[in-house]
Amino acid sequence: MPGGVAAALEPLIPGDQYSPDLPEDDDDVEERYESKIKAAGSFIWGLTLAAGVSGLLFGYDTGVISSTLVSIGSDLSNRPLTTLDKSLITSCTSLFALLASPITGLLADALGRKRVILVADILFIIGALWQALTTSVWGMIGGRSVVGLAVGSASFVVPLYISELAPSPFRGRLVTISSLFITGGQVVAYLIGWLFSTQTHGWKWMVGLGALPAAVQFCILGFMPETPRWLVKAGRRERAKRILTSVYGIDQDALVESVLRRIEKEVMEEETAAGPKEDGSAWSRITANACELFFIPANRRALSIACMLQGFQQLCGFNSLMYFSATIFSLVGFRSPTLTSLSIALTNFAFTIVAFYAIDRIGRRRILLYSIPIMTFGLVLCSIAFNFFQLPTASPQDALLLRAFHLPGRREGNKATAWPLVILFAMITYVAGYAIGLGNVPWQQSELFPLSVRALGSALATSTNWGSNTLVGLTFLPMMTWLTPVGTFTIYMLVSLASLKVEPGPKLTRIAIRNQHSASRIGLHLGRASTTRPSYLNDEGL
Ligand SMILES: O[C@H]1[C@H](O)[C@@H](O)[C@H](O)[C@@H](O)[C@H]1O
């Protein structure tokens, strides 16, 4: 494999040399045992699926808005929704998700990962019922904002929860399960939207149904454990050991002990690195974590890469299709735009399954390298098709904007051309490439950070995701108006290409390898690398 293992072992920082001659320690024992585990057990699978319900809600609540908007009619405030209403209803969710992520990042450290999932469930239920029962536009905006708080918390804490519980050889795959739930939730949202779109007040069902999975997860949470890493930090070693035993199996005592010792060592090293805490208060812990994240160069680098990946995941414009594909397909003349846009959600879901099978075999780094050119090709084709596709009126941009907000039926013109099909094909190609790589690799973000700054680093990267998501949601229609579809999709294409620049190269691979097996060594112990490699690292690990 070109550059494979060599690239994976390239030093993070000059002077950080790989030395195969060092004696075996706990990390090596752990890697040796872990590499022998052939499958993730039913316990970790059960927890991943239970935690994944939050991903389903994330996907459902972000996907359902497109059909909700077109079926509200004059039900809210006794008037049709204005353009401003629609923009606010759509973007308040991502805006509040952006606000929630850093706050819940701190809560996840103070209260535990599981409690944040619990809080998110309560918010999901309140938000869903609030939306279903509201009679005004501002009520709807309020309900969507509460859902935003829930989505913002869940979107960062679930991958974190799974990755802290998963044995490292299956971590990529198990974290991808949460992406599968997100994209699956979007498919369900499109289907529910399609089913209820013809019912009177059907939108109330669309938004209200989101309370159901949240209520189910709320009940299951009582049986879900906290992550061993958080428990060790909270001084509950015995509980952490019991959970690790359930994850690895009762016959893996040596492995469990070495994992536990490593976590304890990490916690101790972090506490030493953070220095003496004068009052030990929550505030001093928060400031110590923030300082460690921003002032230790390796942590800062991990943060900037995580943020860039999350930013590119959104700025490549994928969610403009999620939110407005029905609008686009209506514009280019498809008879059933809602049904056609279901193909986008289905493609996203289907290719996330491909990622699920490929990620631990191919590696995070190479999956991005392979998939970004596919996205770029789809977007180039899309721009070309829009270039040749004649819009029907004298003022195409105005028509586009109008149609965007009022979703007219079929349009005239271009009947005999194949360009609408080319546009559909191009978008499907783009979405397939996105789902394989950029759609889910950034969610592996927690691997990049050592334990002490993991929650905060992941939360800030998640905020970048939601900030960029809000930006795309707000700018897509104006860009289509002022830059034309050709210009808009060309910009998304350039952004996708630029994301190749931050593909997590060998250096990031190095960071992740260290975090997978000896997290706190980043920035603290840069002089040594592991001497053995579990099989997944042969595929370049990241
Ligand atoms: O990973 C997810 C997934 O790709 C979704 O389909 C998308 O809507 C989200 O914004 C993204 O974070």
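## Lining of the largest cavity

The lining of the largest cavity has 8 nonpolar and 13 polar residues, and no charged ones. The model behind these values is predicted. In total, 21 residues line this cavity. Nearest its centre lie Ile-182, Gln-186, Tyr-434, Gly-439 and Trp-443.

Several helices give two or more residues to the lining of the largest cavity. They are helix 3 (42–63), helix 8 (171–196), helix 15 (297–315), helix 16 (318–331), helix 17 (337–362), helix 20 (419–436) and helix 21 (451–482). Helix 8 supplies the largest share, with 4 residues.

## Cavity count, volume and position

A search of the whole structure turns up 10 cavities of 30 Å³ or more.

Where does the largest cavity lie relative to domain 1 and domain 2? Domain 1 spans 37–224, and domain 2 spans 293–524. Both give residues to the lining, so the cavity lies between them.

## Helix 8 and its partners

Two packed helices are described by the angle between their axes and by the distance between those axes. Helix 8, which gives 4 residues to the cavity lining, packs with helix 7 (residues 137–165) at an angle of about 150°. The axes of helix 7 and helix 8 are 9 Å apart. Angles over 145 degrees count as roughly antiparallel, and helix 7 and helix 8 are therefore roughly antiparallel to each other. Helix 7 passes helix 8 in a right-handed crossing.

Helix 8 also meets helix 17. Their axes cross at roughly 170° and come within 9 Å. That makes helix 8 roughly antiparallel to helix 17. By class, the contact of helix 8 with helix 17 has 16 nonpolar, 9 polar and 4 charged residues. The lining of the largest cavity, by contrast, has no charged residues.

## Helix 15 and helix 21

Helix 15 and helix 21 each give two or more residues to the lining of the largest cavity. How do these two helices pack, and at what angle? The angle is about 30°, and their axes are 8 Å apart. Angles under 35 degrees count as roughly parallel, and helix 15 and helix 21 are therefore roughly parallel to each other. Helix 15 passes helix 21 in a right-handed crossing.

Methods:
Residues are numbered from 1 along each chain as its sequence is written. This is a predicted model: local features need pLDDT of at least 70, side-chain atom pairs count only at pLDDT 80 or more; totals for chains, interfaces and linings use all residues. Side-chain values use heavy atoms; hydrogens and water are left out. On a 1 Å grid over the protein atoms alone, a cavity is a set of points where a 1.4 Å probe fits but cannot get out, and a pocket is an open set with protein on both sides within 12 Å along at least five of seven lines; lining residues have an atom within 4 Å of a point. Grid points are joined across faces, edges and corners, and a volume is the space filled by probe spheres set on the points. Ala, Val, Leu, Ile, Met, Phe, Trp, Tyr, Cys and Pro count as nonpolar, Asp, Glu, Lys and Arg as charged, and the others, Gly among them, as polar. Domain bounds come from an automatic or database domain assignment. Axes are lines fitted to C-alpha atoms, for helices over the stretch in contact, and angles run from 0 to 180 degrees between N-to-C directions. Angles under 35 degrees count as roughly parallel, over 145 as roughly antiparallel, 65 to 115 as roughly perpendicular and the rest as oblique. A crossing is left-handed if the near helix is turned anticlockwise from the far one by less than a right angle, and right-handed if clockwise.
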